[in-house]
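Me: Hi! Could you help me go through the charged side chains in this one?

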Amino acid sequence: MAAIPDALRMESPEKREYDRKLARWRREMSELRKKFSDDYQKLMQSQLSSQEDNIEEERQRENTIEKMLQERNLENLKRREKKLQIAREKTALLREQGTSKRQAAEEIIVNKCKEVVSNEIVESENFITSANIDQKLHDILRITKNYNFAIYENGKIVKADEPKESTENE
């Protein structure tokens, strides 16, 4: 540093007043800097702690959400299982109903077939076979039926077996 010339040095009461004010200003500035530094450090610590708190709160929130999602997934799984069980039961019931309906339909068909067969057996008693052909021919020749008759327009049958008596005088 360059030396200050003696002429420029002030050794007067103004210089002392100036030095005293400068020292006071430096002291106040130092205190302010220290105060601002302390406040800044407190602010940074509070922000850091609030960030840590925020991070912790976020973790807690995420854990809570994750637990809720797991619970929901469990509930959904239980509901899905219940629905599947109900669907299986319905399917089994429908199969049983289908089987019972099918069995009922088969029974109806079998009963109808038995009825048709029994009717055919009853009708077959009147069939002409090689064993009863002579008897049937004898019955046909013995029992005669006269199909020689007239029908009026209104559907009344006029029998021609009996000769009409004439009411005229001969």
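Predicted model: local features only at pLDDT ≥ 70, side-chain atom pairs only at ≥ 80, totals over all residues.

Me: Which residue does the Glu75 side chain meet in a salt bridge?
Reply: That would be Arg79, with an N to O distance of 3.6 Å. Arg79 is partly exposed too, at 48% relative accessibility.

Me: And where do Arg79 and Glu75 lie?
Reply: Both are in helix H1, four residues apart, which is about one turn of the helix.

Me: Switching topic, how many salt bridges does the structure hold?
Reply: Eight. One of them joins the side chains of Arg24 and Glu28 at 3.4 Å, N to O. Those two also sit in helix H1, which spans residues 13-124, and they are four residues apart.

Me: How accessible is Arg24?
Reply: Arg24 has a relative accessible area of 43%, so it counts as partly exposed.

Me: What about Arg59, which residue does Arg59 form a salt bridge with?
Reply: With Glu56, and their closest N and O atoms are 3.5 Å apart. Here the spacing is three residues, again about one turn of helix H1. Arg59 has 48% relative accessible area and Glu56 has 36%, so Arg59 is partly exposed and Glu56 is too.

Me: Last one: which residues are linked in a network of salt bridges?
Reply: Glu17, Arg20 and Lys21 are linked that way.

How values were computed: Residues numbered from 1 in each chain as written. Heavy atoms only, no water. Salt bridge = Lys/Arg side-chain N within 4 Å of Asp/Glu carboxyl O. Buried < 20%, exposed > 50% of the residue type's maximum accessible area, 1.4 Å probe, protein only.
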